[in-house]
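Hello,

Here is the structure I said I would pass on. Please open it first, then read the notes below.

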Amino acid sequence: MLKKLGAASLLTILASYAAWLYAPFPATVEWSQKEIELLQSLSLTALPELAPDPSNAVADSAEAAQLGHRLFFEEQLSGDASVACATCHQPDNYFTDGLALAEGTETGQRHTPSLVGLSYSPWFYWDGRKDSQWSQALSPLEAAHEHNIDRLRLVRYVLSDPKLRALYEQVFGAAPALEQPAASASPLGTKKQRDAWKNLPPAVRDGVNTVFANLGKSLAAYQRKLQPGRSRFDDYIDSLSDAGAIEGAELSAEESAGLRLFIGKADCVNCHNGPLLTNNEFHNTGVLPVADQLPPMGRYDGIRLARKDPFNCSGDYSDATPDQCLELRFALDDNSLVGAHKTPTLRNVAKTAPYMHGGQLLTLRQVINHYNEAPVSMLSHNEAKPLKLRPIERRQLEALMHTLSAPLATDPHWLQAP
Amino acid sequence: MLHTFIRSLVRAAALVILAAAALAPLAQAELLGSSTSASGLELTIDSELSTVPLNRIHSWRLSLTDASGKPVTAAHVEVRGGMPEHDHGLPTAPIVAAVDEPGRFLLQGIRFHMPGSWRLFFTIEHDGLSEVIEFELEL
């Protein structure tokens, strides 16, 4: 008799434990007015018009976007004519490449971020070392492991191509004359290229820099077209308002439970907020360094690099007046930024694996488990705290992430080579 | 005589226009509230935007008065702050500078990157004294 009782209690305990781990609780989700307001701030309906970029006078020029479109897909803009921007930022993959680390002319040190909705960000690169999209676009061209083409050769190529030159002059006026014996020259790059750069007359260096910056501005004008489309997530949230339900805008019980966790217990919304589900800020979340790499300093170094960048908002090649460079002027610069990397958008996140600045985490499940554990950071401190999510809750969050996928709100002709 | 009268009329009109221009940005502003220090210094804050937004850099106008309600001039104001719940500071380094009007200051470069409770600390140096005024904000 006692034995039977003991076995029954053990079974009950086991069943209760299993239920705690795996049973969906609460089964249905009801939202308070305050929660609905928070949710509405996450819908694409709340996304404002893209503000002008004062540092880029052609940011919203149709001709500049056309030039940028051509440049984006042009493999000739690389040292061995094999790498275009679109090599890593692939339109069919939400402008990512599906790889842990980018593969340009060599394997890089960082994971390729999506470009979708990125034009809303005040900072670029995982460590925020660029303060405009046009200035960001310049660096991969000269980076040895990406396009690996030097500045003079790049500018020469564009100005010697009749179609590109015509488009360039349509947007920026007459291009400077560059009759110079040197074939290759750059203030970066090999010693030979740096020496050649020093030997160019100052006016020629300035001319090359001006064209170089203008190519970046055109690439930015193109990238401003790459915006996220409405997903089931947006339709569901919009259907919660009294303004009128959207037909068929339902989330499954699992997905809506995930949404409750997203804005509640799982703390996701702390950083993944606003309609693009990113605050575009920098956080240390204790992600392990990439194998064979030292733990990176992140934004701590990024802001220093941005400040001394000749192509920043207050530099000679920017179209902004210094008082328009608010982000650069008031940027934080302290030890709290050690190891901090930029929050990425969660738009289309289920389609853009792997994750984190070095592609260290391969699946959404791994990412959710990472935040659930909030491991100690190797450098400085992890801002996140352990979430204590049950297995069922982690599944619910993962289910929610799949509701964020949608075709881009971009005219299809921008999504293929011109 | 008439000439002088017209000149003063023009001057008065110019002053009215200038005053209107100075007040115009405040038309859209939102009063965020006020807070008082131990000695009775009162800080009133208006945001240049009608609601304090997430993830957008903007400015605030500050007004500082003493216990008797008079504007405090020649004060040096600094701001720091953050989210006590998350143990982090502000995502930017805002700067406070006096403007031409007595007791008025402009705070530039403020941005908030998380919803929740924010706490700001204004250090006021005035008459050789240093005081802190705390200000709470729910986003």
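A definition first: two strands count as paired if DSSP finds at least two bridges between them. Please keep in mind that this is a predicted model.

The sheet in chain B

Strand S4 of chain B, residues 76-83, pairs with S5(B) in the antiparallel sense, over two bridges. One of the residues involved is B:Met83, whose bridge partner in S5(B) is B:His88. Both strands belong to an open sheet of four strands in chain B, where the order is S5-S4-S8-S9 and the pairing is antiparallel. Strand S5 (88-89) and strand S9 (129-138) of chain B are at the edges; each has a single partner strand, so one side of each has no neighbour in the sheet.

The interface of chains A and B

Contacts between the two chains involve 17 residues of chain A and 17 residues of chain B. The size of an interface is often given as the accessible area lost when the parts come together. Between chain A and chain B, about 1,500 Å² is buried, and carbon and sulfur atoms give 53% of that area.

Two salt bridges are counted between chain A and chain B. A:Glu327 forms a salt bridge with B:Arg111, with 2.9 Å between the closest N and O atoms. On the side of chain A that touches chain B, helix H13 (residues 326-329) of chain A gives the most, with three residues. By class, that side of chain A has eight nonpolar, five polar and four charged residues.

Regards

Note on methods:
Residues are numbered from 1 along each chain as its sequence is written. Chains are lettered from A and ligands numbered from 1 in the order in which they are written. This is a predicted model: local features need pLDDT of at least 70, side-chain atom pairs count only at pLDDT 80 or more; totals for chains, interfaces and linings use all residues. Side-chain values use heavy atoms; hydrogens and water are left out. Contact means heavy atoms within 4.5 Å. Buried area is the accessible area (1.4 Å probe) that two parts lose on being put together, summed over both. A salt bridge is a side-chain nitrogen of Lys or Arg within 4 Å of a carboxyl oxygen of Asp or Glu. Ala, Val, Leu, Ile, Met, Phe, Trp, Tyr, Cys and Pro count as nonpolar, Asp, Glu, Lys and Arg as charged, and the others, Gly among them, as polar.
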